[in-house]
Amino acid sequence: MIDFELEPQVLNQLKMYHMVSEQMMRPISRDCDEHEHQKPTQFYESMWAASAAAADIQIGHDKSKKPDASKPAAPRRANLLTVLSTEELCWGDAGLYLSTPNPGLGGAAVMAAGTPDQKERFLKRFKEGKPKWGAMAITEPGFGSDSSAVATTATRDGDNWVLDGTKIFVTAGQMAAEKSDGFVVVWATVDRSAGRAGIKPFIVEHNTPGMSVTRVENKLGIRASDTAMIVLDNCRIPLDQILGSAEVRKEGGFKDVMATFDATRPIVAAMALGVGRAALDFVRDFLKQQNVAIRYGISPRRLTAVERDFMEMEVQLQAARLLTWRAAWMLDTGKRNSLEASMAKAKAGLAVTLITQKAVELLGPLGYSRKILVEKWMRDAKINDIFEGTQQINMIIIARRILNYSSKELN
Amino acid sequence: MIDFELSEEQQMIRDSVGAFARDEIRPAARPADESGAIPAPLVAKAWQFGFVSGAIPEKFGGGGDARSAVTGAIVAEELGFGDLSIAIHVLAPRLFAYPIVDMGTDDQRAKYLKRFSGADFAAATAAVMEPRFDFDLSALQVSARRDGGGFVLNGAKCYVPLAAESDSMLVYAATDAAKGFAGVDGFIVPRAAAGVTVSEREKNMGLKALATYELTLKDCRVGADARVGGDKGIDFSRLMSQSRVAFAALGVGVMNAAFEYARDYAKERKAFGVPIATKQAIAFILADMAIEIDAARLLVWEAAFKLDKGGDGLRESYLAKNYVAQSALKLTDNGVQVLGGHGYIREHPVEMWLRNARGFSAIDGIATV
């Protein structure tokens, strides 16, 4: 039954996240933006302490959990709760959100493609000890969107896989690979001649010999989050650190990458929502202070340009939010959501890019100043239109689905 | 708790209305647009669905179904997918009936609702819009002045659907212009009343199958019992929120019609040896259309949901309707564009949908859920 209401418990939970945003993120937001590679260790410690208590990593389809037939199945909503909390935290600061110690996308890959044993071995650490990070390494200098072009190789050598190649744009790569007891999920090919089918995810533990962080990028936004280049040079890992099967099948490992995206794209969409809402809330409060009313219900022909712009921002954000909720809800209810996840991501990435740009415009000289955070949000927002599949890649995915075309037919 | 699943009943309603729209309304749409007339058998068939009588209480001869704006939006979308003119025509009696169901006095319900329980389409309507550039629902210029026991109505209305066919209509007028929405009342006015003039049928760019009229009220006197809800009056703001939800839902249907047609055409039509849909320039347009349809539908459902929960839904319905007004225009324009020169020819329906969709930014208040 159609329902758009969040129940009180969820709203209370979100209030908690909002407090984290307000009290732990916003105060250091500007400073972390201005000093890109400075590590807010105090923030990491606090977030680690807070999340260790609540840590229950559930992203995507968790096939390992069998329903208990003796109990009535409680509706699963881990993914919905994740997008809700992500929006709330990115309202605080998207860069800090990305730099928060947690399993990250690496964890998502383990959840999506790992065995129960692997989940236990690699994810347990996030409930104990010091702050840790997980990361995912797909992109390479030679490709971005075309993830079938993976050139990093994984070669079987006795009881090891040997990884060789260069990965770039690894979010939290430095923290996961070198600065904590984390891990990096590296996508590599076991058979280049097999194309997509040969591409498999491998777990590389922190400080594994042969893995090194050779560069940390300077970026337009989300500067609190490190974006690393990781070189794998004769990097040996145990055989059982491949996620899923090593067998090269026609419909093989690439599906796992795609399954991961089904779960992570709504999260990235939710990140965008948080940044967009930050800008929208700021503009709303600002206009209120200036005694500029937003008059809902009057003739659209009597609206001022500012009212029109504000309402457009507001409705675009809400449209993106509903698409995002739907994509997450589908995952929770076991429906295939590739189309809807891409829709949410494409809509939210673009909408929030435009919303934050408009926010800078509406505030005039104030908006352009680094005294307030609106210009930062505009810079932060843009990444959501790029990573986890650019706007254009998501449009292609959507187009293929609605047209029922293969990647050969529409590329 | 967040849920995007229609109830089983809603799915059944969607499927049956959807089939009717696709199989019977759609084929009639182009001829109706050209001739300006909607075939009576089609209207009669729509009437049997109970779009109007279903939600009228049983004791007044209706089906006694619970009203839901969400379900109403689902129905409106399907009908809008079939044809916007025909959809507004078959739903028009609601404009008269529903405010009386929701806000009328018992006497008004007893007197005016029974006419909708018959087997034949009972034309009825409401006069909301006014022929002015700055027409504003919250600042009506048609006035109702108290005079003795009754009211005297003055002013001009436009886009009154089926005005010439309806015996009675609801006329919305400002009893207290300073109060905005709260100062508006609805009056039951017989078409034959002294001071009421129904114009020639209006000629519009789109919605050509829908008969709409201007209405002039010159010192038109009605009794106190003509005021919907008596002294309590009506909640005009809520009625207009319901109307926006209905319009927006109709718009989503039009968008979906344009999308499906353009999608199917693009898969058939070849250029340079391949279907044009295999070109990104076309595929991206279609992908964008698909996103916008879902976005708009969810905004509409959310606004409807707020209404069903008893909220005023003002902001949500206003934003959703304005969103649809823009995107329906964009999508139907895309529909024409994807078909290229063929889209401009009246053999294909896309140019009709573009003309119809332009109406969403101009028209308010003549549909309801």
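The following conversation concerns the interface between chain A and chain B of a predicted model, and then its cavities.

Colleague: How many residues does each chain bring to the contact?

Modeller: Chain B contributes 49 residues and chain A contributes 47 residues.

Colleague: What area is buried between chain B and chain A?

Modeller: The buried area is about 4600 Å², and carbon and sulfur atoms give 66% of that. On the chain B side, the residues that lose the most area to chain A are B:Met1, B:Ile2 and B:Phe4, together 17% of what that side buries.

Colleague: And how many salt bridges are there between chain B and chain A?

Modeller: The count is six salt bridges. One of these salt bridges joins the side chains of A:Glu5 and B:Lys309, at 3.8 Å from N to O. Polar contacts between chain B and chain A come to 23 residue pairs, with both residues at pLDDT 80 or more.

Colleague: Which helix gives the most to the side of chain B that touches chain A?

Modeller: That is α8(B), with 16 residues. By class, this side of chain B has 27 nonpolar, eight polar and 14 charged residues.

Colleague: Turning to cavities, how many are there of 30 Å³ or more?

Modeller: The count is five cavities. The largest cavity holds about 110 Å³ of space.

Colleague: Which residues lie nearest the centre of the largest cavity?

Modeller: Of the 16 lining residues, A:Ile298, A:Ser299, A:Pro300, B:Leu137 and B:Asp364 lie nearest the centre. The lining has seven nonpolar, four polar and five charged residues, and α9(B) gives the most to this lining, with three residues.

Terms used: Residues numbered from 1 in each chain as written. Chains lettered and ligands numbered in written order. Predicted model: local features only at pLDDT ≥ 70, side-chain atom pairs only at ≥ 80, totals over all residues. Heavy atoms only, no water. Contact = heavy atoms within 4.5 Å. Buried area = accessible area lost by both parts, 1.4 Å probe. Salt bridge = Lys/Arg side-chain N within 4 Å of Asp/Glu carboxyl O. Polar contact = N/O pair within 3.5 Å; in protein donor to acceptor, adjacent residues only side chain to side chain. Helix = DSSP H or I, 4+ residues; strand = E, 2+ residues; numbered from the N terminus. Nonpolar A, V, L, I, M, F, W, Y, C, P; charged D, E, K, R; others polar. 1 Å grid on protein atoms, 1.4 Å probe; cavity = no way out; pocket = protein on both sides within 12 Å on 5 of 7 lines; lining within 4 Å. Points joined across faces, edges and corners; volume = space filled by probe spheres on them.
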